[in-house]
Amino acid sequence: MYPIIRDFLFKFDAEKVHYLAEFFLSKVANKPFVQDWILSNFFSYDSMLENRIWDLSFPNPVGLAAGFDKNGVMVEGLGLLGFGYLELGTVTKNPQSGNIKPRLWRHIDEQSLQNAMGFNNNGSKIVAKNIANVYPFCIPIGINLGKNKDAKDALNSYAEVLKDFLDLGDYYVFNLSSPNTPNLRDLQNVDFVDELFCMARELTKKPILLKISPDMEIDTMLKTCEMAIKKGASGIIATNTTIDYSVVRAPKDRGGISGMAISQKSKEVFKILAQSFFKETILISVGGIHSAHEAYERIKLGASLIQVFSHFIFYGPKLSKDINLGILEKLREDGLDHISQAVGVDL
Ligand SMILES: Cc1cc2nc3c(=O)[nH]c(=O)nc-3n(C[C@H](O)[C@H](O)[C@H](O)COP(=O)(O)O)c2cc1C
């Protein structure tokens with residue numbers, strides 16, 4: 001059924017279709033009969049996949065990556081789709097409208113997306129109110145934090161947005177890796193990360209992660225992550241979108257690419273990261289995860305959790321359920337009784 005709906009929706013502008021999905025997930029999905037229908041089709045649970053990480057209980061390892069629900073308005077609807085956790089945002093201190101449109105494109109043959117959104121969001125005060133309506137939630141909620149485009153003092157911008165969420169969210173992510181805010185990725189350096197995590201650790205004891213780009217020079221990436229961990233980061237999320245436009249046939253001239261086209265690149269970066277930091281911190285793999293096979297590979301490479309975004313658009317609402325069922329099958333094939341036994345076995 002979904003392929004028919006998808007092919008119809010793909011005739012329209014990608015961002016407009018996103019708002020249609022947002023309407024459904026925020027206003028329709030939680031109505032009693034609709035909710036039951038969604039749960040019976042798209043939700044699954046198995047204790048083999050439930051894992052405790054940072055003292056939080058994740059019912060399964062498949063999370064929704066940041067950027068899908070930037071304003072925290074779809075939490076209940078998304079919760080019905082069987083995700084193990086949701087990462088909301090990126091949220092900035094002040095509301096901002098993002099870059100000029102169009103700013104979201106599909107590369108259909110490559111099952112990939114390209115976006116130049118630019119942290120469009122309603123700002124931390126409003127987003128915090130939205131999240132407060134549903135928090136605490138039945139699955140962990142991460143809040144992905146960013147800097148306003150016009151902020152002069154980057155450190156202060158991150159501090160201000162974090163302060164608005166101190167009572168909300170189960171973990172935080174500092175996003176220094178979006179290609180759509182000018183110079184943001186330059187903050188991926190040891191000095192800034194040192195200051196950033198020192199600042200954050202004065203404010204909260206909750207888990208705080210760093211989300212990195214797949215385009216960094218390896219040495220810089222490792223040093224930056226090492227500093228983050230040393231200064232109190234609870235994990236690393238790899239990766240954000242790439243600006244290596246060679247991965248698709250007809251790239252647009254701006255934005256970052258995600259989806260199947262970045263699968264290999266994201267996995268390679270993740271592997272390098274895991275070879276250095278597995279067991280030292282929690283690693284989350286994201287970027288081109290499009291099947292249970294791919295998800296399981298990342299887990300065996302050291303990912304305690306994984307995230308999906310682009311393939312949710314191409315595959316549809318059953319994605320989390322099908323990845324989870326596939327992982328269960330693979331665990332059984334490997335003679336394992338719990339997900340934790342698979343994490344890092346290929347390193
Ligand atoms: C339309 C769109 C918007 C995104 N917005 C954000 C964002 O606000 N913050 C963020 O950290 N990552 C954002 N991302 C990146 C995703 O969270 C993810 O890291 C990336 O898409 C790779 O995963 P995928 O290949 O499964 O899509 C966005 C991605 C897309 C496609």
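Let me begin with the unit that β8, helix α7 (residues 190-203) and β9 form, a right-handed β-α-β unit; right-handed means that, with the strands pointing away from the viewer, the path from the first strand over the helix to the second runs clockwise. Helices (H or I, at least four residues) and strands (E, at least two) are DSSP runs, numbered from the N terminus. The model is predicted: local features need pLDDT of at least 70, side-chain atom pairs count only at pLDDT 80 or more, and totals for chains, interfaces and linings use all residues. Residues are numbered from 1 along each chain as its sequence is written, and side-chain values use heavy atoms, without hydrogens and water.

Strand β8 (residues 171-175) runs parallel to β9, joined to β9 by 4 bridges; strands pair if DSSP finds at least two bridges between them. Here tyrosine 172 faces isoleucine 208 of β9.

On the other pairing, β9 and strand β10 (residues 235-238) are parallel, with 4 bridges, and leucine 210 has isoleucine 236 in β10 as its bridge partner.

I turn to the ligand. A polar side-chain atom of serine 310 lies 2.6 Å from a ligand oxygen atom, and a backbone N or O atom of glycine 288 lies 2.7 Å from a ligand oxygen atom.

Technical notes:
A polar contact is a pair of N or O atoms within 3.5 Å; within protein, one must be able to donate a hydrogen and the other to accept it, and residues adjacent in sequence count only if both atoms are side-chain atoms.
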